[in-house]
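Visitor: I am new to this structure and would like a close look at a single part. Please take the aromatic rings.

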Amino acid sequence: MSEFWQRKMKTYFKAHDFDKDGYISEKDYVEIGRRFAESHKATTQKKEQFMKDMSSLWRILMKSEDLKKSNRLTLPILVKSFGQRLYDPEYVTVATRLAQGMFELLDVNEDGFLQPDEHKRWFDSMGFPKELFNARVAFDAMDTNHDNRLSLDEFMRGYFDFMFSQDESSPNKFFWGPLAE
């Protein structure tokens with residue numbers, strides 16, 4: 001995988017190392033899922049499905065041989081695990097459900113679109129420091145038709161472009177926040 005893609009995975013890692021201990025553990029995934037689900041107005045069923053999908057993604061990532069003796073991901077192991085799973089149909093299915101669930105939880109007014117303030121709640125719930133990143137940059141990058149709202153399609157393209165693309169000029173490189181160095 002390219003250096004650019006690895007930087008995106010480092011960005012993902014930083015966003016998901018909830019307790020900032022240098023590892024991603026199942027506890028991090030559960031806490032992120034819980035915090036995200038609880039910070040958005042949604043039905044119990046949607047919240048439970050989102051938590052279930054977070055757990056499923058964790059189990060997929062833990063399939064790496066490097067994790068037989070450890071139950072946590074370092075950055076190099078996360079990069080390797082994602083690299084091995086990117087085109088795995090099980091991963092794609094779970095990632096699709098997870099991204100759709102994120103969209104549904106963010107769509108507080110349930111109009112089928114994300115407004116800038118709804119999208120910003122995501123960055124707030126993930127704990128991104130406001131002084132380091134303006135969520136509007138990510139929003140504008142995904143808003144490809146420039147109508148000041150994100151459709152599910154735009155959101156999903158942003159998510160999968162971030163996870164799969166090797167294109168350094170892609171505006172969706174900011175999906176999980178500013179790219180890590």
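How many aromatic pairs does a search of the whole structure find?

Guide: The search finds twelve aromatic pairs; rings of Phe, Tyr and Trp (its six-membered ring) pair if their centres lie within 6.5 Å, and planes under 30 degrees apart count as stacked, over 60 as edge-to-face and the rest as tilted. This is a predicted model, in which local features need pLDDT of at least 70 and side-chain atom pairs count only at pLDDT 80 or more, while totals for chains, interfaces and linings use all residues. Residues are numbered from 1 along each chain as its sequence is written, and side-chain values use heavy atoms, with hydrogens and water left out.

One of the pairs joins Tyr 87 and Phe 164: the ring centres are 5.2 Å apart and the planes stand at 55 degrees, so the pair is tilted. It links distant parts of the chain, 77 residues apart, with Tyr 87 in the loop between α4 (75–85) and α5 and Phe 164 in helix α8 (helices are DSSP runs of H or I, at least four residues, numbered from the N terminus). Tyr 87 is exposed, at 62% relative accessible area, whereas Phe 164 is buried at 16% (buried means under 20%, exposed over 50%, partly exposed in between, with a 1.4 Å probe and protein chains only).

Another pair is Phe 175 with Trp 176, whose ring centres are 5.6 Å apart and whose planes lie at 80 degrees, so this pair is edge-to-face. Phe 175 is buried at 1% relative accessibility, and Trp 176 is buried at 3%.

These four residues belong to one aromatic cluster, which also includes Tyr 12, Phe 82, Tyr 91 and Phe 103.

How values were computed:
Helix = DSSP H or I, 4+ residues; strand = E, 2+ residues; numbered from the N terminus.
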